[in-house]
Amino acid sequence: MKAMDERPVQVGSARSARFKKHHAEDLAGRSYTFICVALLIVIIISIIYFVASKGLATFFRDGVSLGDFLFGTTWDPEGNQGEPMYGVLPFIFGSFATSLLAALIASPLSICASLFMTEIVPGWGKKLLQPVIELLAGIPSVVYGFIGLTVVVPFMRNVFPGQGIGIAAGALVLSVMILPTITSVASDALSSLPRGLKESSFALGATRWQTISRVILPTVLPSILTGVVLGMARAFGEALAVQMVIGNAPHIPRSLFESASTLTSVITLDMGNTVMGSTHSNALWSMALALMFMTFIFVLIVRLLERRHRI
Amino acid sequence: MKAKLTDKIATFFIVVFSLLIVAVLVGLIAFILVRGLSHINWHFLTSVPQTIRAGGGIGPQLFNSLFLLVLTLIITIPLGLGAGIYMAEYAKPGKITGTIRLVVEVLSSFPSIVVGLFGLLLIVNTFGFGFSLFSGALVLTIFNLPLMVRITEQAFRSVPKEQKEAGLALGLSKWKIISSVLFPVALPSIVTGTVLAAGRVFGEAAALLFTAGMSTPRLDFTNWNPLSPTSPINPFRPAETLAVHIWKINSEGLAPDAAQIAAGASAVLVILVLLFNLFARWIGGVLYKAMTASKRMG
Amino acid sequence: MQTTSFRTEHLSVFYGQYEAVKNISLNFPEQSVTALIGPSGCGKSTFLRSLNRMNDEISQAKIKGRIWIEGEDINDPATDVIQLRQKIGMVWQKPNPFYKSIYENIAFGPKYHGIKDKKQLDEIVESSLRKAALWDEVKDRLKQSALSLSGGQQQRLCIARALSVQPRILLLDEPASALDPVSTSKVEELIVELKKELSIVIVTHNMQQAARISDYTAYFYLGTLMEHNETEIIFTNPENAMTQEYISGRFG
């Protein structure tokens, strides 16, 4: 108890010394974290600014018309057949075709997987599929591309007409890559459903499938759509895996099994072979701008879906 | 009776499709390992690649990938922690916080090729860092930062609020509470998340094509002067990573054994990513135990 | 009632539009235990939390009126809330030890407040643990994680932690409601022992507990202070009929 008598004095004197220290400390902490956040904002603003300024130069400085760019079907930036042409419609088509098709393949599989984890066998189903989904998400995209090239393309070549490369091969590879995205969003939504919802349906004598199809799926539909849109966004922006299997021909293919290109694949292949500042290079930046614009659209759709979900 | 039959059929399809996904993964991994493992040996892992002759290895690429990852984490972790802490502890609900959240969301959905192009324009050309490990690390930081922010924010949010109140009642400053009370509790999930994110960074290639470059200078592994152009630890030299190498040999490989090299390199990449996954789980558990179990602690 | 340096003056607490605590003036005499009782949602916890400005953390909470501690208006903008909270220890319903060793849990506060000397820290740890009647149980395992202790031990550790920074006031928010009977009686003994050194305010649902340990009792109902008096009077001869009904267990 002797220490007790002395301490108030020491604590008291320490207190005045602390007075400045804890304010300085708080200020430093707050500033440090705020600078980090500010940096995030600086990064995004500069990405948007630089991509947009380069991408818009095609139209404002090089005089390519927006209509010719978006709806032109001929991509001949070096002018091999006369005038250089900067029509990117084939690539826009390729990007939409592969990502829509990939979502079309992946969505039913993902919904089944998430139902399997949450409704059919909630215990070991989750234990089995959760790591599977995480590993699928962890495999690098070049590895998907490599497998696409060595497995999917030869398979396509044997089964379907054509060389095996093309939108079908690209979509198939992408569908596996976006499976984890859709599945994890869907299964999160399913497992956060209130218990009573299901039980009241069972109590009415509905079978499991009736419950799933009439009660559960309609309730989580906005969330599942969110997952699908996120998956599509990932597919739309994926570059290397698609580039490796799609064939890279610069026109709109007549079938799913014919060589084609996407916005990302053309950027990947051409960017290294153009001179910065040339119209060809700027046209590639315009495609990057289009990709960025689509990212905004995807984020916007996700936000709208989430808002609907909240109500 | 019809409802029952439909139920059975639907269940059947759900199970079949789910097992199909498992089969796809098992097939993928098995394919990569069967194709690749036979090609992996010490020589393959340590020697330099050959352009037109057979027998090339992936030594420099493997080193580049690991070194680039370390550089990236050195930049990302302090920034991601800071921004995540701000979101979890300082940001008040409102317009500004909503905007920051939107920024993080948009940034995380940008295609990596677009981030790579931005790096090419600003970091490689304008700032003049050229095709280099440093440029690559900065771009990977942009790519990885949104994820780090989310991981940190969630980890801090899941710390019981009673911990914070205990700190407040003791008369600790807010920063002291964040750094000494909340951070240790949040650490296991931050570490797990960071290692998982590191796996993702490790396999990224599109953002690196035009930033870290697609070639590696001849490296002298006895030269540890970080400013020498042949030194492996010089951050301002170009560096082709393992993932970029896989892409390159698949699209323009001329060596007669390009297919085997691609298979071997893919196997190495996948094994490393799997190791990251396992390590992430293990380390998270270990840290959590260290903090809660009755073992001795500092 | 003796004059005191710890009191509230027309204190109201709002959560947005909702007035959770209505115009309460209360004295907390030194070296005594004041129990706050009343049915759930009566505002007693909110009231307690406003005494060390814990409600600052809730962005839509607002305060009207004054709280005086040793001549200082604690909600005055000039008041340093961090220094203020050193004077006021707090213990919650659920034990919340830091995820640190037993030793660190106690030494952490004093260290932060400027005590660097190892020997002195050791003394503080020992005396705080002794005061919380925990020393004998943990003296051989001070380096172990605090989370390895039982619930009752954790709660006494939290009391010891609060004592480590030498507070003048101790706020207890149902400190024994999550504990077993043996731990509860230990905590109660502790409170009676501690009031020799500081003023204690305790929120409790347990009438017997309030009767056993407190000197003064305040009965809250729907955010208003219905009655405040010496505990003996409240429990034997309350002025208010509602207080009578509540303490005899007829409602609440």
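1. Helices and strands here are DSSP runs, a helix having at least four residues and a strand at least two. On that basis, residues 6–247 of chain C are 37% helix and 26% strand. The end C-alpha atoms of that span lie 26 Å apart. The UniProt annotation "domain: ABC transporter", from an unreviewed entry, covers these residues of chain C. Note that the model is predicted.

2. Chain B has ten helices and zero strands. Its pattern along the sequence reads α-α-α-α-α-α-α-α-α-α. Along the principal axes, the C-alpha atoms of chain B fill a box of roughly 70 × 70 × 45 Å.

3. Chain B also carries a UniProt annotation, again from an unreviewed entry: "domain: ABC transmembrane type-1", covering residues 62–280. Over residues 62–280, chain B is 72% helix and 0% strand. The end C-alpha atoms of this stretch are 20 Å apart.

4. Next, the contact of chain B with chain A. Chain B gives 75 residues to the contact and chain A gives 72 residues. About 6600 Å² is buried between the two chains. Carbon and sulfur atoms give 82% of that area. On the chain B side, B:Ile14, B:Ile21 and B:Trp247 lose the most area to chain A. Together these three make up 10% of what that side buries.

5. Polar links across the interface of chain B and chain A are also counted. Ten residue pairs are in polar contact, both residues at pLDDT 80 or more. The count of salt bridges between chain B and chain A is two. In one salt bridge, the side chains of A:Glu134 and B:Arg281 meet at 2.7 Å, N to O.

6. Which elements of chain B give two or more residues to the side that touches chain A? They are helices H1 (2–37), H3 (59–90), H4 (95–109), H5 (112–126), H6 (133–157), H8 (174–203), H9 (242–252) and H10 (258–292) of chain B. H1(B) supplies the largest share of that side, 22 residues.

7. Helix H8 of chain A deserves a look. This helix runs over residues 208–237 of chain A, and its end C-alpha atoms span only 38 Å. A straight helix of 30 residues would span 44 Å at 1.5 Å a residue. Where does the kink in H8(A) lie? The kink, of about 60°, is at A:Leu221.

Note on methods: Residues numbered from 1 in each chain as written. Chains lettered and ligands numbered in written order. Heavy atoms only, no water. UniProt positions renumbered as here; feature names shortened; annotations may be inferred. Expected span 1.5 Å × (residues − 1). Bend = angle between axes of the 7 residues up to and from the residue. Contact = heavy atoms within 4.5 Å. Buried area = accessible area lost by both parts, 1.4 Å probe. Salt bridge = Lys/Arg side-chain N within 4 Å of Asp/Glu carboxyl O. Polar contact = N/O pair within 3.5 Å; in protein donor to acceptor, adjacent residues only side chain to side chain.
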